[in-house]
Amino acid sequence: MTGTMVVIGDTVLDRDVYGGVERLCPDAPVPVLDERQTDERPGGAGLAALLAARCGRAVVLVTALADDPAAARLAALLTAEGVSLHALTLDGPTPEKVRLRSGGRTLLRLDRGGEPARCGQPAAPALGALADADVILVSDYGRGVARQPALRAAIAQARAPVVWDPHPRGPAPVAGARLATPNEAEVRHLIGAAHDQDRLAAAIRGARELRRRWRSGAVAVTMG
């Protein structure tokens, strides 16, 4: 497979901590997890970039990372898979999602990184990658990268087709995106559909309304 895909969006470090539970904590009625294994992987836009790279694509990821251990781990995981990384500065910690798991179940999820943080300006190589891309995927997780004004301007001016996966806390896709892919809950939120409406009818009506509102080539509503 040839051609360069540029993925733009927020990247999260996903960490699954596996262990066994054989007792309760003596000072609170909660299970004690004896840690046995930890798996780490990119999440958000980083996962989209990694999966595309594993399919044989040349992939460039434009994201925002802080100067912290989570960012260093993400950079190592992504570059090991052949993803070229262009990182904007992040005014806050790199977001992490830590899941404590035992017996095939998640006992608790711990989020680190807090509220969305401000992203810095993209450097010239990141903007150049957008100008030269064969396809652009915006994988928005509502943490600020898709709002960055210089990136949005570069996406709008790019010659490559744009696929935009939106987020309820994120901005609307740039006008002229080839395809937008909101999920069913996002569509209902964006158009104010009642929950007692027929699901398919609401998805069709919402897709038509968002296609007009966003001036997108097409809108595909994911329902599963």
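On one side of α3, Ala-124 and Asp-132 are exposed. The model is a predicted one. Helix α3 spans residues 124-132, and its buried residues are Ala-126, Ala-129 and Leu-130. Viewed along the axis of α3, these buried residues fall within an arc of 100°, so they line one face of the helix. Ala-124 and Asp-132 lie on the other side.

**Cover over α3**

- Among the strands that cover the buried residues of α3 are β1 (4-9), β4 (58-65), β5 (84-91) and β9 (135-139).
- The cover also includes a helix, α4 (149-157).

**Make-up and extent**

- The protein contains 6 helices and 11 strands.
- Its C-alpha atoms fill a box of roughly 60 × 50 × 35 Å along the principal axes.

**Burial and contacts**

- Of the 224 residues in the protein, 43% are buried.

**Surface and charge**

- The protein has an accessible surface of about 11700 Å².
- Carbon and sulfur atoms account for 52% of that surface.
- There are 28 positive and 25 negative side chains in the protein.
- The centres of the positive and negative sets lie 7 Å apart.

Note on methods:
Residues numbered from 1 in each chain as written. Predicted model: local features only at pLDDT ≥ 70, side-chain atom pairs only at ≥ 80, totals over all residues. Heavy atoms only, no water. Buried < 20%, exposed > 50% of the residue type's maximum accessible area, 1.4 Å probe, protein only. Helix = DSSP H or I, 4+ residues; strand = E, 2+ residues; numbered from the N terminus. Arc of directions from axis to C-beta. Contact = heavy atoms within 4.5 Å. Areas by Shrake-Rupley, 256 points an atom, 1.4 Å probe, with all protein chains shown as cover. Lys, Arg positive; Asp, Glu negative; His and termini not counted. Charge placed at Lys NZ, Arg CZ, Asp CG, Glu CD.
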